[in-house]
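Q: Could we read through this structure together, taking one kind of feature at a time and stating the rule before the case?

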Amino acid sequence: MRALPARRIATSALCATFLLGIAAPVAVAADHDPAPGARAAAVPAAVVPAAAVPAAAVQAPVPEADALLAQTAALADVAGVLKPVTDLLTAALKADSGKLPAADATKLGDAVKEAITKATASAPAAPQTPAAPQTPPAKAPTEPKAPAEVNSPAEPKIPADPPSILPALPGAPAPAAAGPVAAPDLRADALKALQGSVDSLVEAAVAGDATALGTAAKQVVTGLVDFVAAVAVGGALPAPNLPGLPEQPSDVPAQSGSGG
């Protein structure tokens, strides 16, 4: 077998060396190539499509939140008044002959007064209704002036307009006052009446007058019912909608026995 020429051998060795020089860095880079996730993370944020970023969730407000908060506050006021009043009633009705020590009656009565004062202060402003428009007073018709004659003395002039303020006719209603008129505040009236009946109850409990205590207790219970009704119909609370709820009769007979 004839030996290859030295020139061909040298050329083959040079090509092999060149190929090894190119392939070696590529192989090393392949061994140290980061994970596909890392390559994706290395992509600048500017090249990421905007549609791929989820939009932040928008928080919607609670529907009718202001009205519900007003109703919740009204219920809290009702509860704040009911508790001290019922505590006073329970203590007075369970006492021997309806007589309470003066210190206990005063303490319970002061708790009721504080609750009523707080409920009165937190009440919304009473709505106002516009006053009826005033009717301007009618003016009497004016009489025409008589034409003056030539070379005749001037006749006295008749006043063109009568006095602007006419005397009021007997029995005529007084004119309505200008400006808005405040509507009746049922809530304030109920709280005021409740405070009066509570004062009577405390006085009867200190004196030990069972008859007066029984009368005052009935007035207090009625005052509580009036206060709850005033809050309910005053626009703060919705009307009851319990299925089968009968209408409350005007006169409810007293039930014998309270079970305790």
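**Reading a helical model**

A: Glu 64 is found in the loop between α2 (36–41) and α3, where helices (H or I, at least four residues) and strands (E, at least two) are DSSP runs numbered from the N terminus. This is a predicted model, in which local features need pLDDT of at least 70 and side-chain atom pairs count only at pLDDT 80 or more, while totals for chains, interfaces and linings use all residues. Residues are numbered from 1 along each chain as its sequence is written, and side-chain values use heavy atoms, with hydrogens and water left out.

Q: What is the phi of Glu 64, and is Glu 64 buried or exposed?
A: Buried means under 20% relative accessible area, exposed over 50%, and partly exposed in between, with a 1.4 Å probe and protein chains only. Phi of Glu 64 is near 55°, a positive value in a residue other than glycine, and Glu 64 is exposed, with a relative accessible area of 64%. Ser 97, in the loop between α3 and α4, has a phi near 60°, again a positive value in a residue other than glycine, and counts as exposed at 57% relative accessibility.

Q: At what angle do α3 and α4 pack?
A: Axes are lines fitted to C-alpha atoms, for helices over the stretch in contact, and angles run from 0 to 180 degrees between N-to-C directions. Angles under 35 degrees count as roughly parallel, over 145 as roughly antiparallel, 65 to 115 as roughly perpendicular and the rest as oblique. Helix α3 (residues 65–94) and helix α4 (residues 102–121) pack at about 165°, with their axes 9 Å apart, and are therefore roughly antiparallel to each other. By class, the contact of α3 with α4 has 11 nonpolar, 1 polar and 2 charged residues; here Ala, Val, Leu, Ile, Met, Phe, Trp, Tyr, Cys and Pro count as nonpolar, Asp, Glu, Lys and Arg as charged, and the others, Gly among them, as polar.

Q: How does α3 pack with α5?
A: The axes of α3 and α5 lie 11 Å apart at an angle of about 20°, which makes α3 roughly parallel to α5. The contact of α3 with α5 has 11 nonpolar, no polar and 2 charged residues.

Q: Which residues have the most contacts inside the largest nonpolar core?
A: In soluble globular proteins, nonpolar side chains tend to be buried together. A nonpolar core is a set of buried Ala, Val, Leu, Ile, Met, Phe, Trp, Tyr and Cys residues joined through side-chain atoms within 4.5 Å. The largest one has 30 residues, and those with the most contacts inside it are Val 81, Val 85, Leu 194 and Leu 201. At least two residues of this core come from each of α3, α4, α5 (186–207) and α6 (210–233). Contact means heavy atoms within 4.5 Å, and Val 85, leaving aside its neighbours within four places in sequence, is in contact with Val 112, Leu 194, Val 220 and Leu 224.

Q: Is Asp 77 buried or exposed, and which residues does Asp 77 touch?
A: Asp 77, found in helix α3, is buried, with a relative accessible area of 13%. Not counting residues up to four places away in sequence, Asp 77 touches Ala 119, Ser 122, Arg 187 and Phe 227. Lys 118, by contrast, sits in helix α4 and counts as exposed at 63% relative accessibility.
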